[in-house]
Amino acid sequence: MIEYKKQLELQACLDGELPQSEAREISALVARDAEAAALFNELRQTRAAVAAGEPARSLPETREFYWSKISRQIAALEREEAAPPRVSLLARLRNWLAVTAAVAAVALVAFTALRPGAGGLLMETSLRDAGAFTYHDYPSGTTLVWLSYPAAGDNAVAENEGVATVE
C-alpha cells in the first residue's frame with residue numbers, strides 16, 4: 001500500500017503542482033512501482049471523467065477582476081457589520097415613553113391598591129387588647145369586630161365583665 005503522503009504527491013504531480021525535481025521523482029516512482037502506476041492511472045481517469053461532466057464556464061471579466069469584486073463585497077459587508085446601528089431620535093423617544101408609561105402604570109396600580117379604604121379591605125388590631133381585630137369593608141359599609149376569647153368558664157377575662165371590654 002502506498003503511504004498517504006505519496007498518494008498526495010501523485011495527485012499534485014497529476015495536477016501540475018509540483019516543482020520539476022519532485023515531478024521527476026514521482027514519474028520515476030510510477031515507472032518502477034506497479035501500485036503507484038495503477039493509482040496514478042486511476043487518478044488520471046477520474047480527473048478526465050470529472051472534467052468531461054462539468055460544463056465550461058466563462059466569465060465576462062478576468063479571473064483576478066472577478067475575485068477582486070468578491071473581495072471588495074466581503075470587505076464592504078464587514079464594514080457594515082462593524083458600524084453600530086443608528087437609532088433615530090423618534091425611536092429613542094418612543095422607547096423612553098414606553099418605559100415611562102410602564103413605570104407610571106405600575107405606580108398607579110400600587111398607589112390604588114395600597115391606599116387605605118380604596119375599595120379594598122382594611123384590618124386593624126387594637127393595641128389595648130391583642131385578642132380583638134376590627135375589619136372594615138368600605139365599599140359595602142361593613143365593620144366586623146372579631147374577639148378571639150374562648151367561651152365563659154375557660155377564660156378569666158370572659159368571667160369578669162368589667163375588666164375586658166372592647167371600645
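These are my notebook entries on a predicted model of one chain.

**Ground rules.** I number residues from 1 along each chain as its sequence is written, and side-chain values use heavy atoms, with hydrogens and water left out. Because the model is predicted, local features need pLDDT of at least 70 and side-chain atom pairs count only at pLDDT 80 or more, while totals for chains, interfaces and linings use all residues.

**Entry 1: the layout.** I looked up the secondary structure and found six helices and three strands. Helices (H or I, at least four residues) and strands (E, at least two) are DSSP runs, numbered from the N terminus. Along the sequence I read α-α-α-α-α-β-β-β-α.

**Entry 2: the whole chain.** I looked up burial next. Of the 167 residues, 13% count as buried (under 20% relative accessible area; exposed is over 50%, partly exposed in between, with a 1.4 Å probe and protein chains only). The accessible surface comes to about 13900 Å², by the Shrake-Rupley method with a 1.4 Å probe. Carbon and sulfur atoms hold 60% of that surface.

**Entry 3: H2 against H3.** I took helix H2 (residues 20-32) and helix H3 (residues 34-53). They pack at about 110 degrees, with axes 5 Å apart. The axes are lines fitted to C-alpha atoms over the stretch in contact, and angles run from 0 to 180 degrees between N-to-C directions. That makes H2 roughly perpendicular to H3 (65 to 115 degrees). On the H2 side I noted Leu29, Val30 and Arg32 in the contact (heavy atoms within 4.5 Å). H3 supplies Ala34, Ala36, Ala37 and Phe40.

**Entry 4: the aromatic pair.** I searched the whole structure and found one aromatic pair (ring centres within 6.5 Å). Tyr66 and Trp67 have ring centres 5.5 Å apart and planes at 80 degrees, so the pair is edge-to-face (planes over 60 degrees apart). Tyr66 is partly exposed, at 30% relative accessibility. Trp67 is also partly exposed, at 49%.

Definitions and conventions
Angles under 35 degrees count as roughly parallel, over 145 as roughly antiparallel, 65 to 115 as roughly perpendicular and the rest as oblique. Rings of Phe, Tyr and Trp (its six-membered ring) pair if their centres lie within 6.5 Å; planes under 30 degrees apart count as stacked, over 60 as edge-to-face and the rest as tilted.
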